[in-house]
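User: Please take a close look at one part of this model, the interface between the two chains, and describe how it is built.

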There are 2 protein chains.
Amino acid sequence: MNERTETNEQRGQERRTDRRVSRTRRQLRDALLALIIEHGYDSVTIEQITQRADLGRTTFYLHYRDKEELLIESIDSIAQELLVQVVPLPKPGQMGEDDAPRDPAQAATLLVFRHAAQNSLLYRVILRGEGALKANTRFHEIIQSSVREYVEELNRSAPDFQPMVPLEVFSSYFAAALLGLVTWWLERDMPYSPEEMSEYFRRMFFRGARGALIPNEVTP
Amino acid sequence: MNERTETNEQRGQERRTDRRVSRTRRQLRDALLALIIEHGYDSVTIEQITQRADLGRTTFYLHYRDKEELLIESIDSIAQELLVQVVPLPKPGQMGEDDAPRDPAQAATLLVFRHAAQNSLLYRVILRGEGALKANTRFHEIIQSSVREYVEELNRSAPDFQPMVPLEVFSSYFAAALLGLVTWWLERDMPYSPEEMSEYFRRMFFRGARGALIPNEVTP
DNA sequence: TATAATAATAAACATCATGTACAGAATTAG
DNA sequence: CTAATTCTGTACATGATGTTTATTATTATA
């Protein structure tokens with residue numbers, strides 16, 4: 001039959017081969033992120049974006065329906081940047097049994113704090129700024145699903161073990177706690193190093209409030 | 001110059017005695033909250049607000065500079081409603097030593113889940129919706145400062161005790177974890193009761209990840 | 001209750017960002 | 001090379017914002 005539908009039928013996917021398109025979209029993303037840092041998300045106007053990107057205003061609407069659609073794509077590009085660092089981490093090991101610093105979960109939180117520090121200006125505006133809706137949700141989802149996979153991996157190695165908290169609740173709690181702590185930390189101009197923050201997080205999350213507040217608890 | 005558009009609130013101290021003023025402001029608040037539930041925050045227009053409140057559009061600007069100023073006041077009125085329930089709770093007792101269900105901290109989180117359930121429609125839109133910026137920040141502040149006072153009270157009864165995590169970090173962590181869990185819970189249409197959620201939160205927060213996932217941990 | 005002060009109102013107005021339409025210029029892919 | 005596409009500028013309609021002004025309505029209080 002038609003084995004040569006390649007040229008026209010795959011346009012939906014291959015449309016972005018056109019250099020102009022990918023270049024334009026990248027310019028728009030960069031312009032938006034830069035403007036968000038400078039003026040915050042809400043006050044940024046489409047004209048400013050296209051002006052910064054050195055493009056005509058009409059061109060914007062050839063690619064995105066509105067400012068928010070561009071924001072989502074931009075956030076995803078940042079989140080993806082973080083995710084590719086986290087994913088290659090080693091598999092579970094044995095979380096819960098011990099909280100050794102080599103725990104991959106611990107390493108992952110450190111990566112999060114570091115990535116936030118590297119992009120602190122953007123993170124700040126994005127996490128508590130006007131675009132917070134999309135950014136928080138997106139990051140939350142990413143972190144949550146990572147934790148979910150992580151714990152499910154744990155479950156496979158101990159099949160008949162029954163968590164005392166629903167997995168969804170657990171992973172959502174983790175994501176919210178971590179993201180919230182990152183946000184607070186950035187707003188205070190990062191008063192501690194990523195390593196310290198990661199360590200504090202470990203104490204609170206893995207050992208709980210008792211472990212975090214009381215120094216001399218008897219470790220079982 | 002334009003720092004204070006001088007709405008007529010900062011003049012005398014008791015200038016709000018005029019019935020017309022308090023009535024108008026209350027009408028505007030109610031209208032906004034209702035419209036937020038119906039259409040979300042962003043799309044609500046000043047004209048809709050005043051129309052719903054049965055007021056002239058110009059009247060709005062006699063009281064608030066813009067939609068956001070009204071939003072903040074409205075959120076505060078909700079947060080205040082929650083706070084007055086939390087404050088009269090008994091003093092510390094001994095948190096950390098035991099996690100008995102009568103712990104006032106535990107009781108407070110239960111109140112939060114209950115209040116969220118009672119105002120679930122509003123909470124949903126406000127916490128993850130477009131107005132999330134202000135709402136989250138405000139609630140976060142309130143919860144955080146409550147925890148802070150609580151722990152400082154603890155400190156007074158054991159003066160030479162040195163927490164292993166800075167108090168600010170600890171209280172911020174608590175606020176973020178609780179708020180995040182509430183948000184997740186509302187978005188999922190409250191799949192568990194407030195009592196269950198409060199209990200899950202207790203396990204994760206007080207006992208930590210090990211206590212939350214592993215059932216048979218040896219309790220010291 | 002009378003009256004001065006204050007608040008609410010409608011109408012008109014200027015401003016600004018948005019989103020769309022269109023026709024021509026520029027660039028790209030094949 | 002050339003046909004397809006992408007980009008561009010201009011123009012226009014729309015809708016919300018925030019202000020101004022003159023007038024009416026309500027309130028506090030003496």
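Analyst: What follows describes the interface and then the confidence of the model. This is a predicted model, in which local features need pLDDT of at least 70 and side-chain atom pairs count only at pLDDT 80 or more, while totals for chains, interfaces and linings use all residues. Residues are numbered from 1 along each chain as its sequence is written, chains are lettered from A in the order in which they are written, and side-chain values use heavy atoms, with hydrogens and water left out.

The contact (heavy atoms within 4.5 Å) draws 46 residues from chain A and 47 residues from chain B. Between them the two chains bury about 4,600 Å², 68% of it on carbon and sulfur atoms, where buried area is the accessible area (1.4 Å probe) that two parts lose on being put together, summed over both. Of the area that chain A buries against chain B, Met164(A), Tyr173(A) and Leu213(A) supply 17%, more than any other three residues.

Helix H9 (132-157), helix H10 (167-187) and helix H11 (194-213) of chain A each supply at least two residues of the side that touches chain B, and the largest share, 13 residues, comes from H11(A); helices here are DSSP runs (H or I, at least four residues), numbered from the N terminus.

Across the interface, the rule finds zero salt bridges, defined as a side-chain nitrogen of Lys or Arg within 4 Å of a carboxyl oxygen of Asp or Glu.

As for confidence, chain A averages a pLDDT (the predictor's confidence in each residue, from 0 to 100) of 84, and 84% of the residues score at least 70.
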